[in-house]
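I'm opening my notebook on a new structure today. The plan is to look things up one at a time and jot down what turns up.

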Amino acid sequence: MTTTQTSVVHDLGTLAHRLSHPARTPCVCEPPQVLADRPDGTVVRSGAIVAKAHAADTDREALAARIALAAAPQLAGILLPPLPAPAPAAPTARPVTLWPLGAPVDPTDPGAAPWAEAADLLARLHRTKPPFPLPPMRGPAKAARAVARMRAALRADATAVSCGTGDAATLPGDATAPPRDPAVEPRDPAALSVLAGWRGLPAWARGEVPAPVRRGGSLCHGDLHLGQLVRHPAPDGPWLLIDMDDAGVGEPAWDLGRPAAWYAAGLLAPEDWSTFLDAYRSAGGPAVPADGDPWPALDVPARALTVQTAAVALAKCAAEQRDPDEHEQLMIESCARIATLPPELATGPAS
């Protein structure tokens, strides 16, 4: 952890502790706990308070609108509401938000994953009329950043290899190949499959143009996965959606894209997918038809989230100098399948 990261974690812990700890009482609190520390967000808990420092380049006006959305009465029972944050004494490098502590999904008990509850919350979110003007949902932009991150990581890895700091200065299986040129596209077969799948997506799914007008104005979470649900009050309160960093208006099918991608890749059991889809439909979710084949609506978002997941996996593998694990390999192989399909299948019904 760098000095800057250490300072951020310390400041967040101090803030959360000050708000959660009664004034002028003996302190028996446990030390602040770091829940996450990534470039896009550092999260620290003290007692019943969670403090989050958002990325330094965050659009603060857009973030303020997203935080206001979480606090809006229309979203009560769907989104975890924020806590009032004291005004900083001076401008801060990273905006900070405060949240009540919730109980997350237990990663050691996949059988208890709240797929039905997640689907119900999404359907209710998608059915709610935006209470005030909001920025676009950032899902497609996040996918684009994942692909850019993969490119950068593989170029950095190629530079290290060509300079003799990697395992070899040649491509795998070719002892005579020249060093990689970091100025060109990655030559790794897995990365080429990811890029081919990316290029086959319509422009809106790559974040290059707005979502289709047909359903582009729905309230969306923008980054749905099981880590975005907590029970509040902990430990047995109702499930609520958290993390508004990517929320906004857009194509609601995007929020179903990651579970759909996992199901298509074999990572989500058919019975869990059926539970999720049936619950979404039962709650009147607008992203898919009430019956019949859901895939014409889900095809493009599922492809985009497959590419995003595979791109992040390859970036991590390059940075950590390791091979993909089993789950990562399944998503990479899904990109290879996507790349073999005619472009019109990727850009038809949902474009």
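My entries below go from the whole chain to single helices, ring pairs and a few side chains.

**Ground rules.** I'm working with a predicted model, where local features need pLDDT of at least 70, side-chain atom pairs count only at pLDDT 80 or more, and totals for chains, interfaces and linings use all residues. Residues are numbered from 1 along each chain as its sequence is written, and side-chain values use heavy atoms, with hydrogens and water left out.

**Whole chain.** I looked up the secondary structure and got 10 helices and nine strands. Helices (H or I, at least four residues) and strands (E, at least two) are DSSP runs, numbered from the N terminus. Next came burial: 46% of the 351 residues are buried. Buried means under 20% relative accessible area, exposed means over 50%, and partly exposed is in between (1.4 Å probe, protein chains only). Then I checked contacts, meaning heavy atoms within 4.5 Å. Of those with a separation of 6 or more, 73% join residues 24 or more positions apart.

**Cysteines.** How many disulfides does the structure hold? I found zero, a disulfide being a pair of cysteine sulfur atoms within 2.5 Å.

**Helix α9.** This helix covers residues 326-339, and its 14 residues should span 20 Å at 1.5 Å a residue; the end C-alpha atoms are 20 Å apart, so that agrees. (The expected span is 1.5 Å times one less than the number of residues.) Its buried residues are Glu328, Met331, Ile332, Ser334, Cys335 and Ile338. Seen down the axis, they fall within an arc of 150°, so they line one face of α9. That arc is taken from the directions from the helix axis to the C-beta atoms. I remind myself that an α-helix has 3.6 residues a turn, so residues three or four places apart point the same way. What do the buried residues of α9 pack against? I get α5 (189-199), α6 (257-265) and α8 (295-320).

**Helix α6.** Buried here are Gly257, Arg258, Pro259, Ala260, Ala261 and Ala265. They pack against α3, α7, α8 and α9. Just after α6, I noted that Gly266 takes a positive phi of about 90°.

**Aromatic rings.** My search of the whole structure gave seven aromatic pairs. Rings of Phe, Tyr and Trp (its six-membered ring) pair if their centres lie within 6.5 Å; planes under 30 degrees apart count as stacked, over 60 as edge-to-face and the rest as tilted. Trp115 and Trp262 have ring centres 6.3 Å apart and planes at 80°, so I logged the pair as edge-to-face. Trp115 sits in α3 (residues 115-127) and Trp262 in α6, so the pair ties together parts 147 residues apart in sequence. Tyr263 and Trp273 are stacked, at 5.4 Å centre to centre with 10° between the planes. Are these two buried or partly exposed? Tyr263 is partly exposed, at 30%, while Trp273 is buried, at 5%. One aromatic cluster takes in Trp115, Trp262, Tyr263, Trp273, Phe276 and Trp295.

**Lys142.** Lys142 is buried, because its relative accessible area is 18%. Leaving out residues up to four places away in sequence, Lys142 touches Asp223, Asp246 and Gln308.
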